[in-house]
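Here is a short report on a protein model. It starts with one residue and its contacts, then moves to a second residue and the whole chain.

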Amino acid sequence: MILYRTTNGIFVEQSGKYFHVAETSLDALISHENLHNYLESEITGESPIETIDHTQLEAPIEHQEVWASGVTYYRSRSARIEESKEAGGGSFYDRVYSAERPELFFKAVAHKVAGPNSEVRIRNDAKWSVPEPELTLVVNPRGAIVGYTIGNDMSSRDIEGANPLYLPQAKVYDRSCALGPGILIKKEPMPATTQISMKIMRAGQSKFLAAITLAEMKRDPQVLVEYLYRDQSFPCGCFLLTGTGIIPPDTFTLQHDDEIRISIDEIGTLINRVG
């Protein structure tokens with residue numbers, strides 16, 4: 001089932017049918033002891049509606065923090081080494097790729113997050129900006145993965161490449177993160193065959209298209225969560241982006257009005273325009 005947050009309340013899609021959820025707080029839902037069973041009980045016997053207004057979709061986040069993982073795919077490792085080699089930081093990424101401890105960093109709070117069909121941004125002081133499509137874990141306050149959504153980790157590659165210490169500036173700014181369109185509520189882990197794809201459109205023409213599966217991801221999602229929750233508390237749960245294996249070529253940079261389409265099996269498609 002997929003949970004949607006809209007301007008008209010929270011809805012669940014189950015087998016192509018939509019049900020309104022009485023609970024108005026996404027925080028309360030994510031914190032629920034057994035969210036999947038709770039939602040099933042809520043919609044059992046309820047009359048479905050035909051559809052929801054997708055123009056009313058909002059980012060599926062309330063008071064959660066958004067964190068991110070880096071260098072979890074070999075392609076990401078290679079790209080980070082290449083972009084930072086002149087600054088002498090290339091070996092950092094090679095080491096973290098093979099290290100036991102993963103790279104984790106803060107990404108956003110809710111007011112910095114773009115929702116479906118809204119604008120993401122590129123930094124005004126960056127010359128090389130790319131989107132990074134990522135499977136995103138929805139984690140409850142107790143560290144259990146309760147669902148999955150699509151994340152776009154907007155990145156300024158030239159800023160990060162100039163010096164690894166600039167990573168917060170390259171990654172954290174207004175509307176540098178997008179989430180949606182909804183949260184796949186799923187008890188089992190996402191299968192390794194799950195495909196992530198990204199298409200970038202410019203003036204009606206395709207400028208980039210690529211796909212990858214979770215089989216190419218080096219890190220176990222539950223291990224990433226375990227490290228994130230060490231000595232940290234998340235009273236409303238959190239979102240954790242799990243890294244990307246899709247990176248456009250070095251000759252590509254985003255432009256204003258580009259359209260980014262990120263699709264993940266079972267979840268759907270997150271569409272954002274560059275503002």
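## Thr149 and its contacts

Thr149 is in contact (heavy atoms within 4.5 Å) with residues from several parts of the sequence, leaving aside neighbours within four places. Among them are Pro60, Glu134, Leu135, Thr136 and Val138. Leu179, Gly180, Gly182 and Ile183 are also on the list, as are Phe239, Ile264 and Ile267.

Thr149 sits in strand E10, residues 145-153. Strands and helices here are DSSP runs, numbered from the N terminus: E of at least two residues for strands, H or I of at least four for helices. Thr149 is buried, at 0% relative accessible area. Buried means under 20%, exposed over 50%, and partly exposed in between, with a 1.4 Å probe and protein chains only. The Thr149 side chain reaches the backbone oxygen of Gly180 at 3.4 Å.

## Basis of the model

The model is predicted: local features need pLDDT of at least 70, side-chain atom pairs count only at pLDDT 80 or more, and totals for chains, interfaces and linings use all residues. Residues are numbered from 1 along each chain as its sequence is written, and side-chain values use heavy atoms, with hydrogens and water left out.

## Gln64

Gln64 lies in a loop. That loop runs between helix H2 (35-43) and strand E4 (65-70). Gln64 is buried, with a relative accessible area of 2%.

Its side chain makes a polar contact with the side chain of Asp27 at 2.8 Å. A polar contact is a pair of N or O atoms within 3.5 Å; within protein, one must be able to donate a hydrogen and the other to accept it, and residues adjacent in sequence count only if both atoms are side-chain atoms. The Gln64 side chain also reaches the backbone nitrogen of Glu62 at 2.8 Å. Not counting residues up to four places away in sequence, Gln64 touches Asp27, Ile30, Val109 and Ala110, and also Cys236, Gly237, Cys238 and Phe239. Gln64 and Ile185 are 121 residues apart in sequence and 17 Å apart in space, C-alpha to C-alpha.

## The whole chain

The protein has seven helices and 17 strands. Its radius of gyration is 18 Å, close to the 19 Å that the globule rule gives for 275 residues, so the protein is as compact as a globular protein of that length. The radius is taken over C-alpha atoms, and the rule is 2.2 Å times the number of residues to the power 0.38. The C-alpha atoms fill a box of roughly 60 × 45 × 35 Å along the principal axes.

Of the 275 residues, 55% count as buried. Among contacts between residues at least 6 apart in sequence, 74% join residues at least 24 apart.
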